[in-house]
Amino acid sequence: MTSPSVTTNKPQAAAAVPAVPPAFSTSAHDAGLLLLRVVLGLTMAGHGTQKLFGWFGGGGLSGTGRFFTASGYPAGDAMAVVAGLTETLGGLGLVLGLLTPLAGAAVVGTMINAIAVHGAGAFFAPKGIEYELLLTVAAAAVALTGPGRFAADRFLPVVRGHRLAHGLLAVALAVVIAGALLLVRN
């Protein structure tokens, strides 16, 4: 016997599972990458202009050249130019999100040498390498991750669809070049 007040339970349709968004599609993710790139890039560009022009209390080319010579690098003045340009252009590349894997790699290579010169006597400041290590890892992370949507790379076909391989190759290149420079250091 069936009562009219009895309702039948029909199976409910399964709740729609949200699709995984494509990489770098969320505004929060892109804003976070932009913030990281801008702060890291401006910090590195500032360090580079200290070396090149003596801005922000830096030694300029002559003071930085003497530092490189005292640190065991051959041709200290040339090394000052290379380090200053690498930091300035790599930093500005990060700010703009322009050729981001290479910009990040430029910072990685420079900072590997900074860690070697600074020494690994301690981890924490003022005599440690924590600051240099943080900059190195942040630059490598941006090179591997890509710049996000708020970047000039979106307009360059080669790096528009950032691939992990681009970042890996750029960081590997930075490590090799930094290692070669350390080998010629006394």
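Where helix 2 meets helix 3, the residues on the helix 2 side are Leu61, Ser62, Thr64, Gly65, Phe68 and Thr69, and those on the helix 3 side are Gly76, Asp77, Met79, Ala80, Val81 and Ala83. Contact here means heavy atoms within 4.5 Å, and helices are DSSP runs (H or I, at least four residues; strands are E, at least two), numbered from the N terminus. By class, this contact has six nonpolar, five polar and one charged residues. Ala, Val, Leu, Ile, Met, Phe, Trp, Tyr, Cys and Pro count as nonpolar, Asp, Glu, Lys and Arg as charged, and the others, Gly among them, as polar.

Please keep in mind that this is a predicted model, in which local features need pLDDT of at least 70 and side-chain atom pairs count only at pLDDT 80 or more, while totals for chains, interfaces and linings use all residues. Residues are numbered from 1 along each chain as its sequence is written, and side-chain values use heavy atoms, with hydrogens and water left out.

**Two helix pairs**

Helix 3 also packs with helix 1, and the table sets out both pairs.

| Pair | Axis distance | Angle | Handedness of crossing |
|---|---|---|---|
| Helix 2 (residues 60-70) and helix 3 | 7 Å | about 115° | right-handed |
| Helix 1 and helix 3 (residues 76-96) | within 7 Å | roughly 155° | left-handed |

The axes are lines fitted to C-alpha atoms, for helices over the stretch in contact, and angles run from 0 to 180 degrees between N-to-C directions. Helix 2 is therefore roughly perpendicular to helix 3, whereas helix 1 and helix 3 are roughly antiparallel to each other. Angles under 35 degrees count as roughly parallel, over 145 as roughly antiparallel, 65 to 115 as roughly perpendicular and the rest as oblique. A crossing is left-handed if the near helix is turned anticlockwise from the far one by less than a right angle, and right-handed if clockwise.

In the contact of helix 1 with helix 3, residues including Leu40, Met44 and His47 of helix 1 meet residues including Gly84, Glu87 and Leu94 of helix 3. This contact has 14 nonpolar, seven polar and three charged residues.

**The cores**

The largest nonpolar core has 17 residues, and Leu40, Met44, Leu94 and Val107 have the most contacts inside it. A nonpolar core is a set of buried Ala, Val, Leu, Ile, Met, Phe, Trp, Tyr and Cys residues joined through side-chain atoms within 4.5 Å. At least two residues of this core come from each of helix 1 (27-53), helix 4 (100-118), helix 5 (130-145) and helix 7 (164-184). Helix 5 gives the most, with six residues. A second, separate core of five residues includes Phe68, Met79, Ala80 and Ala83. Beyond its neighbours within four places in sequence, Leu40 touches Leu94, Leu135, Ala138 and Ala139.

**Two residues to look at**

Thr100 belongs to helix 4 and is buried, with a relative accessible area of 0%. Buried means under 20% relative accessible area, exposed over 50%, partly exposed in between (1.4 Å probe, protein chains only). Leaving aside neighbours within four places in sequence, the contacts of Thr100 are Leu94, Val142, Ala143, Gly146, Pro147 and Asp153. Leu89, in helix 3, is exposed, with a relative accessible area of 56%.

**The chain overall**

The protein chain has seven helices and zero strands. Of its 186 residues, 37% are buried.
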